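Me: I would like to learn how to read a structure feature by feature, with the general idea set out before the particular case. Could we work through one together?

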Amino acid sequence: MKRLLSGNEAIALGAWEAGVRFASAYPGTPSTEILEALAGYAGVRAEWASNEKVAFDAAAGAAFGGARALAAMKHVGVNVAADSLMSLSYTGIKGGLVLVSADDPGCFSSQNEQDNRQYARFGKFPCLEPSDSEEARQFTRLAFELSERFNCPVMLRSTTRLSHSKSAVEVEMPNAPRAFEPLPPFERHPDQYVIIPAIARVRHPIVEQRLLDIAAWGETAPVNRIEWGDRSIGVITCGMAYQYVREILAGYSFLKIGLVHPLPKELIRQFAAQVETLLIAEELDPFIEEQVRAMGINCIGKEVFPLVGEFTLARVRQAVRAAGLPAAELPPAPKTEPLAVPPRPPALCPGCPHRAFFYNLRRWRRQMVFSGDIGCYSMGVLPPFDAMDMLISMGASIGMAHGLKQAGAQEKVIAIIGDSTFFHAGLSPLANAAYNNGCFITAILDNRITAMTGGQHHPGTGITLQGREGQPIDITPLVRVMGIEHVREVDAWDVKAINDALKEAMEVQAPAVLVVKGACVFTPHFQRRPVVAVDPDTCTACGTCFRVGCPAILKSDETHPKTGKHKAIIDPLLCTGCTVCLQVCPVKAIYQTGGEEN
Amino acid sequence: MSERINFLFVGVGGQGVLTASDIAAQVGLDLGLDAKKSEVHGFAQRGGVVESHVRWAPSVGSPTGELGTIDVLVAFELLEAARWIDWLRPGGTVVINEQKIVPMSVSVGDAVYPDRAAILSAVKARAGRVVTLDGLALAERAGNIRAVNTVILGALSALLDTPPEVWEEAIVRRVPPRYADVNRAAFRLGRDAAAS
């Protein structure tokens, strides 16, 4: 039966069909749904890990024990896991180990668009790249087989477009619960799994030979295939690029590469020799192209195809034309009479527990430098808050704040980090700050969820991927035990209390921590209260409430007779009754209605 | 019915755009065609724009359509119809749910929400056929305002030469069983609204 599955759902299905026993991930767009889908297969032990390295290490341990294991992460998550990944390439494994890397060409939800095929080359292990959901399923199964056959981790590379597109998948097996027997007794191979220098030196040549063996396998494997057509143009392509180019150059010849590392060089030579003009169509880096050129083969690649951003039909069409090759012309579509369409930038939700904090933070702009981190609160950089000065990677807020202050910054420095990000990579830099007496503030915005990726649990909530309640780790005592004396908890919706806490922390000549507590509006812990409203007779149109950046606060048609400025009104359908606007109104024009909570 | 149709569903996070486009893609498969669906929803949950492409053809390559080639633009919100109109093939079809969701840029006074007449005239300048409907009111009549996306699918089905049963079945398979009747009613109200 054919069903529409997203790339991520298909990867989960393929892993289940392959008999995956253990899977772990830290949520990250566009990879998040892989583990969420795997959690639906009874019998598979699927978990949220506190970060990507932990996820990968756990999968490695399972694979050493002989289990098939999978770790999934977004492309930048592989940077976190890379330390272990590089070693694991040397050690090899017993059970199949698959690392899913979901890359993000176009930076839809990421800080960069790194091309993780480079990791496969760097770490000398194979990388498979599917082009649709059916291939995602099949290649995932194949990845487990290759991992065991060649004794190495295998990367399955997806992209945002593949992970989040749906296409038809042949679903054969019923989703019956699977009972796993306990693993056989652990087979000790310290000469392989304990990668001390003496063993690493022995393993390295094995790794090099392995790469040659995999390349030889790839020469005839169906995962790399030639589709012959008109031979005046031949295209070597992989991944999503294949889908665009097969439409734009329908009827010509294609070498579709499924095993993108190591490349099938003989197959490439044969294909190149039989076509007149050779194109190489791949998103992001000239990964295949550089290797083909190094083989002394002439081709057209990144001189016409975009090096940055996601491919689209239009961009591929333009590239093919730029190469002087025929691409179906589109009739020039007339532009519609321009209409000023207002943008719809993302904003903190009505009721968001980050709002009062950032409203306060903005008022400290002259005295403070804001060291930011990754999560919904990254939106603190946007108007009306403009309260984020640096942001580079998960957990970096605390280390950056520490270094800036230690180097002699005159301003107070504040690190701003969410609860999930704190458990991901915030504990270790905070220990460093306590150890080196870093005189800065760390604000931990504890909204009790991994909000940005759609509400996943983490060690601070204690709830597992399957929804089982366990022991949540409380942040305040955890910070205290590091020896940090100034630790204050503050209510996320109490504007004055947050400001007082910031004022107090400004004076502390030691590490100071504020735990700003308030549940995300998408969690069951969030409490809606009666909506608030504006009394138009009291409102002076001063605009203060607009600076809390709430989507529920709208400009009224009514203006102030003297200033001509718009008064405020509140959309009762959007308001959650959080009262942040009520607290900041200087003339008390906003009041809580007695009405039903929203 | 044409064997190749490119749809673009657009709206605002939380409106059910993604569910509706899932169903439209499934209908393509159920009609014996190949179908793909692709969405962009990075910050959608935070009130951002949601776009979702659906393509039907005997064999679909790219999961996304191309600027200026969309056959059917389905806008769940009035302003979004204007934002995406250049994606429509000249002479194409537009379905508009006449709901207004005011963006933050407008509520803080940095921009103005264009008036309805201006939006519709921009859309009509390019489209061959435009159907507008009050999805919220029809969904309320069907018994649940959250069935707006089903109302819109009903309207869409009336504009394509496709059997309505295929749509209804795909919808009912997708929604929780207790909402099946509300969604059937919503589908038919949307279909009637577009046919009239």
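Me: Is A:H164 buried or exposed, and how many other C-beta atoms lie within 10 Å?

Reply: Bear in mind throughout that this is a predicted model. The way to judge burial is to count neighbours, a residue being called buried if 20 or more other C-beta atoms lie within 10 Å of its own. A:H164 has 25 such atoms within 10 Å and is therefore buried. This residue belongs to helix α7 of chain A, and, leaving aside residues up to four places away in sequence, A:H164 touches A:S6, A:G7 and A:P30 as well as B:S38 and B:E39 of the other chain.

Me: Which elements of chain B give two or more residues to the side that touches chain A?

Reply: Begin with the contact itself, in which 50 residues of chain B meet 41 residues of chain A. On the chain B side, the elements that give two or more residues are α1 (17–30), β2 (34–40), α2 (78–83), α3 (104–107) and α4 (116–126). Of these, β2(B) gives the most, with seven residues. By residue class, this side of chain B divides into 26 nonpolar, 14 polar and 10 charged residues.

Me: How many bridges join β8 of chain A to β2(B), and do the two run parallel or antiparallel?

Reply: As a general idea, strands of a sheet pair through backbone hydrogen bonds, either parallel or antiparallel. Here strand β8 (residues 165–170) of chain A is joined to β2(B) by three bridges, and the two run antiparallel. One position to look for is A:S165, whose bridge partner in β2(B) is B:S38.

Me: In what order do the strands of the seven-stranded open sheet of chain A stand?

Reply: The order is β3-β2-β4-β5-β7-β6-β12, and the pairing in this open sheet is mixed. The edges are held by β3 (45–48) and β12 (259–261) of chain A, each of which has a single partner strand, so one side of each is left without a neighbour in the sheet. Within the sheet, β4 (residues 69–74) and β5 (residues 97–103) of chain A pair in the parallel sense over six bridges, with A:M73 standing opposite A:S101 in β5(A). Helix α3(A) packs on this sheet, touching β2 (22–25), β4 and β5 of chain A, and its direction makes about 165° with that of β4(A).

Me: Which strands make up the five-stranded open sheet of chain A, and in what order?

Reply: That sheet runs β14-β15-β16-β18-β17, with parallel pairing. Its edge strands are β14 (368–371) and β17 (486–491) of chain A, and since each has a single partner strand, one side of each is left without a neighbour in the sheet. The twist from one strand to the next averages 20°. Strands β15 (residues 412–418) and β16 (residues 441–446) of chain A pair over five bridges in the parallel sense, and A:I416 stands opposite A:A443 in β16(A). Helix α15 (residues 396–406) of chain A lies across β14, β15 and β16 of chain A, running at about 175° to β15(A). Helix α19 (residues 495–506) of chain A also packs on the sheet, where it touches β15, β16, β17 and β18 (512–517) of chain A, and its direction makes about 165° with that of β17(A).

Me: How many residues does the largest nonpolar core have, and which have the most contacts inside it?

Reply: In soluble globular proteins, nonpolar side chains tend to be buried together. The largest nonpolar core in this model has 167 residues, and those with the most contacts inside it are A:A59, B:L73, B:A81 and B:V151. Helix α3 (residues 52–64) of chain A gives the most to this core, with eight residues. Domain 1 (2–219) and domain 2 (225–322) of chain A both give residues to this core, so it lies between them. Apart from it lies another core, of 83 residues, among them A:I374, A:F423, A:V515 and A:C539.

Me: How many residues of helix α10 of chain A are buried?

Reply: Nine of the 10 residues of α10 (residues 239–248) are buried, and this helix is mostly covered. The elements that cover its buried residues include β7 (154–159), α7 (160–164) and β10 (230–237) of chain A.

Note on methods:
Residues are numbered from 1 along each chain as its sequence is written. Chains are lettered from A and ligands numbered from 1 in the order in which they are written. This is a predicted model: local features need pLDDT of at least 70, side-chain atom pairs count only at pLDDT 80 or more; totals for chains, interfaces and linings use all residues. Two residues are in contact if their C-beta atoms, placed from the backbone, lie within 7 Å. Helices (H or I, at least four residues) and strands (E, at least two) are DSSP runs, numbered from the N terminus. Ala, Val, Leu, Ile, Met, Phe, Trp, Tyr, Cys and Pro count as nonpolar, Asp, Glu, Lys and Arg as charged, and the others, Gly among them, as polar. Two strands pair if DSSP finds at least two bridges between them. Axes are lines fitted to C-alpha atoms, for helices over the stretch in contact, and angles run from 0 to 180 degrees between N-to-C directions. A nonpolar core is a set of buried Ala, Val, Leu, Ile, Met, Phe, Trp, Tyr and Cys residues joined through C-beta atoms within 7 Å. A residue is buried if 20 or more other C-beta atoms lie within 10 Å of its own, exposed if 12 or fewer, and partly exposed in between; C-beta atoms are placed from the backbone. Domain bounds come from an automatic or database domain assignment.
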